[in-house]
Amino acid sequence: MPRTSDRMKRLLAPFPRWVPILGSAVLLAELVIGLPMAVGGGSAREPRSMPSPPPRVTAVPPSPASAEPAPTPTPATATPSPSGLAVTRIPEGSVVKLPRRPGQGSPVIGRVTDPKTGLSFAELGSPWRPSRPIGDGPIQDGRYNLRQTLLTETYGTDGDREWWADIDSQHLWSDLDAGDSLYDAARAMLDYKQGSAFPSGTTGRDIASQPVRRGWLLARMIRMPPSPDGRKARQELSVVIAVDTGRPRPAILWITIPDTHRRLWPDVDTLVKSLKIVPRR
């Protein structure tokens, strides 16, 4: 039910009760004209339940979320070097020798010769499995030539997960950016391995960067976060050697051994010293 507005009360307040009768006519005329104005426009608040026309965009400031246009999605592209890789590098051109690890390591039982890449190196005995084509190994992705493997642990709720040490020979993959040097080739492969073969949150620190015969060696200590599945390995010594064998792409020797088998870290030195290039036939 309508009530007299505050503005009306303010309009009436200055007039005393003893205003002459003649003034009443003037007051009455003012009230007749002013009362609708007071009722219609004197109140600044309007009940939210009353229907009102939709507000114009120019009259109602947009919220911050609607003020910014939605980003236009861009097609995802494969990147061989994972973005945001956490690694402390030894700059190209700096030489840091691979530290020799104490211990005897594995016995040498022969040589591995890979005619596809042109690499030849020591074949290690027990506990390593014999070197074989990748088609017979635990991972079959068609990118490797020969591999020696070592199962270092099983873990997980059902014991159905495995962690491996590897010695692989291959060419530098065509989808990796090899850069302009053998250092770049080794870096590209090592970066790819850290980003794809290790869990999220892994960090790396290069501990060696040195020339080898017609090639370059990069060694990295890779640190993994604690495993929710019970994996014991927390660090891994990973080494890439990129070698110019005269083929279109550098040959790669990849060695990686977790800290649960740090007693085998001297095997890296054995393999590096044994590395040779097989002449093309």
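In which loop does proline 248 lie? In this predicted model, proline 248 is found in the loop that runs between strand E9 (235-243) and strand E10 (251-258). Proline 248 counts as exposed because its relative accessibility is 81%, the cut-off for exposed residues being over 50%. In sequence, proline 248 and histidine 171 are 77 residues apart, whereas their C-alpha atoms are 9.2 Å apart in space.

The average pLDDT of the protein is 77, and 67% of the residues score at least 70. The pLDDT is below 50 over residues 1-82, a stretch that has 27 contacts in the model beyond near neighbours in sequence. Where pLDDT is low, the predicted coordinates should not be read in detail.

The secondary structure consists of 5 helices and 11 strands. Of the 281 residues in the protein, 39% are buried. The accessible surface comes to about 17400 Å², and carbon and sulfur atoms account for 56% of this surface. When contacts between residues at least 6 apart in sequence are considered, 59% of them join residues at least 24 apart.

The count of salt bridges comes to 9. One of them joins the side chains of arginine 161 and aspartate 229, with an N to O distance of 2.4 Å. This pair links distant parts of the chain, since arginine 161 belongs to strand E6 (residues 161-171) and aspartate 229 to the loop between strand E8 (215-223) and E9, 68 residues apart. Arginine 161 is partly exposed, with a relative accessible area of 39%, and aspartate 229 is likewise partly exposed, at 34% relative accessibility.

A salt bridge is also formed by arginine 187 and aspartate 184, whose closest N and O atoms are 3.8 Å apart. Both residues lie in helix H4 (residues 182-197), where they are 3 residues apart, about one turn of the helix. Arginine 187 and aspartate 184 are both buried.

Arginine 220 and aspartate 206 form a further salt bridge, in which the closest N and O atoms are 2.6 Å apart. Arginine 220 lies in strand E8 and aspartate 206 in strand E7 (residues 203-212), so this pair ties together parts 14 residues apart in sequence. Arginine 220 is buried, as is aspartate 206. The residues of these two buried pairs belong to a network of salt bridges that links Arg89, Asp184, Arg187, Asp191, Asp206 and Arg220.

Conventions
Residues numbered from 1 in each chain as written. Predicted model: local features only at pLDDT ≥ 70, side-chain atom pairs only at ≥ 80, totals over all residues. Heavy atoms only, no water. pLDDT = per-residue confidence, 0-100. Contact = heavy atoms within 4.5 Å. Helix = DSSP H or I, 4+ residues; strand = E, 2+ residues; numbered from the N terminus. Buried < 20%, exposed > 50% of the residue type's maximum accessible area, 1.4 Å probe, protein only. Areas by Shrake-Rupley, 256 points an atom, 1.4 Å probe, with all protein chains shown as cover. Salt bridge = Lys/Arg side-chain N within 4 Å of Asp/Glu carboxyl O.
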